[in-house]
Amino acid sequence: MKHFIWVTLFFVLVACDSNRVFEENEDLTDRVWLEENILDFEFEIEDATKDYSIYANIRNTKDYPFYNLYYHYSLLDSLGKPLKKDLMNIDLFHPKTGEPYGSGLGDMFDHQQVVLSPFSFPDAGRYTIRMEQYMRRDSLHNVVSVGVRVEKNKE
């Protein structure tokens, strides 16, 4: 019964999120983000007159071996032309104490970082956010999933 209540609450909260345009998280095989594992997230913008916020979602375990994570993102238009790109850094743990940041349950921790805000898309249409880890390691262990969220800014 307790499980049912949590699942119901989750769906009620998600359904009430009227500003969300897109959100997708991709689970990584064996909780490893390989250097060559470039993740593309495609979404549609229907109203280019609004301002938007774009977020990166990162889920890691407590056994992630570093206190931070560098990743590179590229925002591409429908023709694959880069509109924005940058190298980002997110602290997953306190650098001195090792205490985890983010919201967590058990040994999993969720982080959401602003990538672009406010951002105005030049046109309505299809866009892609490309994400790749930039820790200069072939395999980055204990990263469970990576995702992107796009939402309309409140007026």
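Which residue in the turn of the hairpin formed by β7 and β8 has a positive phi? In this hairpin, where two residues lie between the strands, the residue is G106, with a phi of about 70°. Strands are DSSP runs of E with at least two residues, numbered from the N terminus. The structure is a predicted model, in which local features need pLDDT of at least 70 and side-chain atom pairs count only at pLDDT 80 or more, whereas totals for chains, interfaces and linings use all residues. Residues are numbered from 1 along each chain as its sequence is written, and side-chain values use heavy atoms, with hydrogens and water left out.

Two strands are taken as paired if DSSP finds at least two bridges between them. Strand β7 (residues 103–105) is joined to β8 by three bridges in the antiparallel sense, and S103 lies opposite D110 of β8. Strand β8 (residues 108–119) also runs antiparallel to strand β4 (residues 52–61), with nine bridges between them. Within β8, V114 is the bridge partner of Y55.

An open sheet of four strands was also identified, with antiparallel pairing and the order β3-β9-β5-β6. Its edges are formed by β3 (39–45) and β6 (82–91), each of which has a single partner strand, so one side of each is left without a neighbour in the sheet. On average, neighbouring strands of this sheet are turned by 20° against each other, direction ignored; the axes behind such angles are lines fitted to C-alpha atoms, and angles run from 0 to 180 degrees between N-to-C directions. Seven bridges connect β3 with strand β9 (residues 125–133) in the antiparallel sense, and L39 faces M131 of β9.

Residue S74 belongs to strand β5 (residues 68–76). Its relative accessibility is 10%, and S74 therefore counts as buried (under 20% relative accessible area; exposed is over 50% and partly exposed in between, with a 1.4 Å probe and protein chains only). Apart from neighbours within four places in sequence, S74 is in contact (heavy atoms within 4.5 Å) with K84, K85, T128, I129 and R130.

A nonpolar core is a set of buried Ala, Val, Leu, Ile, Met, Phe, Trp, Tyr and Cys residues joined through side-chain atoms within 4.5 Å. The largest such core comprises 33 residues, and W33, I54, L69 and M131 have the most contacts inside it. At least two residues of this core are supplied by each of β3, β4, β5, β6, β8, β9 and β11 (143–152). With neighbours within four places in sequence left aside, the contacts of I54 include L75, V114, F119, I129 and V148.
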